[in-house]
Amino acid sequence: MNFNKSNELYQEWINSNHLDENLKEELLNATDEELNAAFNIQLEFGTAGIRGILGAGPGRFNLYTIKKVTMSYAKLLMSKYGEELNRGVVIGHDNRKFSKEFSQLAAEILTSFGIKAYLFEDNIMKPTPVVSYATKDLNAIGGIVITASHNPAIYNGYKIYDEFGCQLIDEDTKVIAEYMEEIQDILNWNYKTDESLLEVVPQKVLDNYKEMISNLQFYKNQPRDGFKMIYSAVNGTGTEFTPPLLRSFGYDVVEVEEHAFEDSTFKNVGNPNPEFEPAWRIPFEYGQKNQDASIMIIQDPDADRIGCAINHNGEWIRIDGNQTGPLLIEWKLSQMKEHNLTPENPAMYSSFVTSDLGDRIANETYGVKVIKTLTGFKWMGSEILKEPERNLNFVFAYEESYGYVLDSSTRDKDGIQATTMLVEAAWYYKKQGKTLIDVLNELYEKYGYYYTYTENLNFKPEEIKSKVEPIMKKLREEEFTTLGGLELSYAEDYIDGLFNMPGQNLIKFYFNDGSWFAVRPSGTEPKIKIYFISVGENEEAAKEKCEAIFKDLKDFLEI
């Protein structure tokens, strides 16, 4: 598809005297396909802020994106907090290209609006959960993280927290989006930094965070007996915090050296998402060389999520989020009960697309109230905020996409919390002669086997209307009664809101045997995620069900 260079936006960019020279050079050398993607779509806020491919144009992520979002965020803060702007906004970033420069730019822009901005010392990268924690600990009015989380190296992004360290809910992001639409000439907009409003996050905040992590242990004063683990930061932010903390707890930590330094290209990683195979290639090589290690943990680049593999009978076995979550639930709730630490009216939070296994463990065995939410920790965070009026007390929150919260002083996914607790569980069970796979199998024996699979249908950003929307339309308008030999029981369409949650583009289909699948376009990426949960007497039976459902679904959707 040829690009029309008389395009008004393109002309505005290419002829601007204030366009960054590197971005101008990029436009001059861009292909028609690249220009179509850069100027025929615009980046928008999703479930976790705004995220996109680095490059020139309104459809790409660049310094003008930062200017536009930060100016709009500043207007929101001024309208909400007025006289409290001196409480400040905490700003952090990951290891990605331009993340450090973008966070500095966001800080300077906020000060130009009279808003105090906190940067970490020397503006060095910090894990996303540390920014969430610092926002709440400093009683700031908000937080910003420049991160693309687990996306490939060509991406960057902008995540915003409220004063509780929770991702902004739709009510506020819509206001920001409206302010962004009103901005007509971002290329020529400038600002004047107020240096007096730039501050450094106090070391005490980082010390408080580390103390919180330490206190997650149930047996913090017992020696770890040389318990060995393998750790990868995938060249991201986790290196500064996770290995030193684990070593201080007494563990023998083998770091994947190729993943232990800051690298925005991820050349040793490939895809830095712990859900996918490339990130595991080198860690598994370490696993073969360290057969005396019991557990392997991979954090994603901003350390808010973890992937896990277990050394079981000499074989390294990866487990997914729908298996790690129930293990953490069983561990934490059983130990709270053992140590008389279970609060009154305990509550756990999980998303609509997360397996039922964790819910059953929490509710049926430990009497924990389970609250289901839309996908994204912003919804869990907003529900946690309601606990005082509901007379509830937090014990756990998670979703299937490898994100967990164990202590609600962090209101976003925390891979450092999850690592600490999971490693202690592995150490404890090893003393009993068991691995986490043994414990998982015990859970399956008790509750039934839950097989989980997630399919990602990836598209180009410009294909959302032509490919993503027709799939969702077909699921809503064309009926089916069976898939994979299973009879459909009922469907839930969340588009207009269900279960006290606002609307989301999600459809969930339930079968009469307790299996289900859900379909949801991503809020931050051009893709559709299909979540499958099948229930059977064993892994083989449950897996066969899942494969049969997926085969018929592909035929139905013609994908």
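Is N123 buried or exposed? At 6% relative accessibility, N123 counts as buried, the term buried denoting under 20% relative accessible area, exposed over 50%, and partly exposed the range in between (1.4 Å probe, protein chains only). The structure is a predicted model, in which local features need pLDDT of at least 70 and side-chain atom pairs count only at pLDDT 80 or more, while totals for chains, interfaces and linings use all residues. Residues are numbered from 1 along each chain as its sequence is written, and side-chain values use heavy atoms, with hydrogens and water left out.

The backbone of N123 has a positive phi of about 50° although N123 is not a glycine. Most residues other than glycine have a negative phi. N123 is placed in the loop between strand 3 (117–119) and helix 6 (128–137); helices (H or I, at least four residues) and strands (E, at least two) are DSSP runs, numbered from the N terminus. A positive phi, near 55°, is also found in N139, a residue other than glycine. N139 belongs to the loop between helix 6 and strand 4 (142–146) and, at 46% relative accessibility, counts as partly exposed.

Helix 4 spans residues 63–81 and has 19 residues. From its first C-alpha to its last, helix 4 reaches 26 Å, close to the 27 Å expected at 1.5 Å a residue, where the expected span is 1.5 Å times one less than the number of residues. The N-terminal end of helix 4 is capped by N62, a side-chain oxygen of which lies 2.9 Å from the backbone nitrogen of Y64. Just after helix 4, G82 adopts a positive phi of about 45°.

The structure holds 32 salt bridges, each defined as a side-chain nitrogen of Lys or Arg within 4 Å of a carboxyl oxygen of Asp or Glu. One of them joins the side chains of R87 and E84 at 2.7 Å, N to O. R87 counts as buried at 14% relative accessibility, whereas E84, at 36%, counts as partly exposed.

A salt bridge is also formed by D412 and K159, with the closest N and O atoms 3.0 Å apart. D412 lies in the loop between strand 15 (403–405) and helix 15 (415–431) and K159 in strand 5 (residues 155–161), so the pair ties together parts that are 253 residues apart in sequence. Both D412 and K159 are buried. A network of salt bridges links K159, D304, D412 and K413.

The side chains of E424 and R224 likewise meet in a salt bridge, at 3.1 Å from N to O. This pair links distant parts of the chain, 200 residues apart: E424 is in helix 15, and R224 is in the loop between helix 8 (203–214) and strand 7 (228–232). Both E424 and R224 are buried.

Disulfides, defined as pairs of cysteine sulfur atoms within 2.5 Å, number zero in the structure. Two cysteines may be described by their accessibility. C308 counts as buried at 1% relative accessibility, and C546 counts as buried at 3%.

Strand 7 pairs with strand 8 (residues 252–255) in the parallel sense over four bridges; two strands pair if DSSP finds at least two bridges between them. Within this pairing, I230 stands opposite V254 in strand 8. Strand 7, helix 9 (residues 242–248) and strand 8 together make a right-handed β-α-β unit. A crossover is right-handed if, with the strands pointing away from the viewer, the path from the first strand over the helix to the second runs clockwise.

S351 is placed in strand 12 (residues 346–351) and is buried, with a relative accessible area of 0%. S351 and L392 are 41 residues apart in sequence and 18 Å apart in space, C-alpha to C-alpha. S355 lies in the loop between strand 12 and helix 12 (356–365) and is buried, with a relative accessible area of 0%. The side chain of S355 reaches the backbone nitrogen of L357 at 3.1 Å, a polar contact being a pair of N or O atoms within 3.5 Å; within protein, one must be able to donate a hydrogen and the other to accept it, and residues adjacent in sequence count only if both atoms are side-chain atoms.
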